[in-house]
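Trainee: I'd like to learn how to read a structure, one feature at a time. Can we go through this one together?

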Amino acid sequence: MLIFLALICLHSRAQDCQRYLFLQKNKTIEMTIYDKKGEASAKQVYQVSDVSTSGAVTKGSLATEMFDKKGRSMAKANSTVQCNGGTMMVDMKMMLPQQQQEQFKTEAKADNVYLEYPAKMATGDALKDGNMTMEINTSGLPSKAIIVISNRKVEGQESVTTPAGTWDCYKITYKAKLTIKMGPIPINTNLDGAEWFAPNFGVVKSQSKHGGTAITSIK
């Protein structure tokens, strides 16, 4: 009987995971990138190429391509997301600023490091930090990029509407630091950001002083 109940629990958690947007096989998600003036400057397209479930863990593989505002391809990459018992875990490579994603489009290597979004949130909650290091080779010149996401806090609940739909979201603020080590003196970029996370769905919008993103199409 206990084994039977455990199997039911695992199945329920897997079902919760499958509702997340980036864990639905063959979905195509278009994320529009806006500059600091609020004007569309580029587009990121995610194709969910494969989804697998083992116990309470569901994993999804994403093929990503970035296009400029004229529709020309700028960069391609692969990343993963996974869900464990309803907790969403997003590959931190997806958190890189868009200009760095373009810069690192060739010969960039990093272990899969995930940023967690708990199944249950409440205003005032502090979420786990994230830290990822990428080894980069640009035209034969090796370098390293380190991205740290810290001070993640659930600020409250807000309704968010984009051309793709309307969601009840949690607003999560955070601090991000990107360090590029290409020579003796590291180059640091710091920013305060916010994103809007819809439970059982995913992040639908983000914002910082440099601009933001929003889901504008789901196919």
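Trainee: Let's begin with strands. Which residue stands opposite Leu 178 in E11?

Mentor: Thr 189 is the residue opposite Leu 178. Before going on, some ground rules: this is a predicted model, where local features need pLDDT of at least 70 and side-chain atom pairs count only at pLDDT 80 or more, while totals for chains, interfaces and linings use all residues. Residues are numbered from 1 along each chain as its sequence is written, and side-chain values use heavy atoms, with hydrogens and water left out.

Trainee: Over how many bridges do E9 and E10 pair?

Mentor: E9 and E10 pair over 16 bridges, again in the antiparallel sense. A hairpin of two residues joins E9 to E10.

Trainee: Now backbone angles. Which residues other than glycine have a positive phi?

Mentor: Asn 26 is one of them, with a phi of about 75°. Asn 151 is another case, with phi near 50°. Asn 26 is in the loop between helix H1 (2–18) and strand E1 (28–35), whereas Asn 151 is in strand E9 (residues 141–162).

Trainee: Is Asn 26 buried or exposed?

Mentor: The scale works on relative accessible area: buried means under 20%, exposed over 50%, and partly exposed in between (1.4 Å probe, protein chains only). Asn 26 has a value of 53%, so it counts as exposed.

Trainee: How should I read a nonpolar core?

Mentor: In soluble globular proteins, nonpolar side chains tend to be buried together. A nonpolar core is a set of buried Ala, Val, Leu, Ile, Met, Phe, Trp, Tyr and Cys residues joined through side-chain atoms within 4.5 Å. In this model the largest one has 45 residues, and among those touching the most other members are Phe 22, Met 88 and Phe 197. The largest share of this core, eight residues, comes from E10.

Trainee: What does Met 88 touch?

Mentor: Contact means heavy atoms within 4.5 Å. Leaving out residues up to four places away in sequence, Met 88 touches several residues, including Tyr 20, Leu 23, Val 81, Leu 115 and Tyr 117.

Trainee: What about charged side chains?

Mentor: Side chains of opposite charge can pair when their charged atoms come close. A salt bridge is a side-chain nitrogen of Lys or Arg within 4 Å of a carboxyl oxygen of Asp or Glu. The whole structure has five salt bridges. In one of them, Lys 43 joins Glu 30, with the closest N and O atoms 3.9 Å apart. This pair links distant parts of the chain, with Lys 43 in strand E2 (residues 40–54) and Glu 30 in strand E1, 13 residues apart.

Trainee: Which residues form another salt bridge?

Mentor: Asp 192 and Lys 175 do, at 3.0 Å from N to O. Asp 192 sits in strand E11 and Lys 175 in strand E10, 17 residues apart. Salt bridges that share partners also join Glu 30, Lys 43 and Lys 219 into one network.

Trainee: Last one: with which side chain does Ser 206 make a polar contact?

Mentor: A polar contact is a pair of N or O atoms within 3.5 Å; within protein, one must be able to donate a hydrogen and the other to accept it, and residues adjacent in sequence count only if both atoms are side-chain atoms. The side chain of Ser 206 makes one with the side chain of Thr 213, at 2.6 Å. Ser 206 lies in strand E12 (residues 202–208), and at 16% relative accessible area Ser 206 is buried.

Definitions and conventions. Helix = DSSP H or I, 4+ residues; strand = E, 2+ residues; numbered from the N terminus. Pairing = 2+ DSSP bridges.
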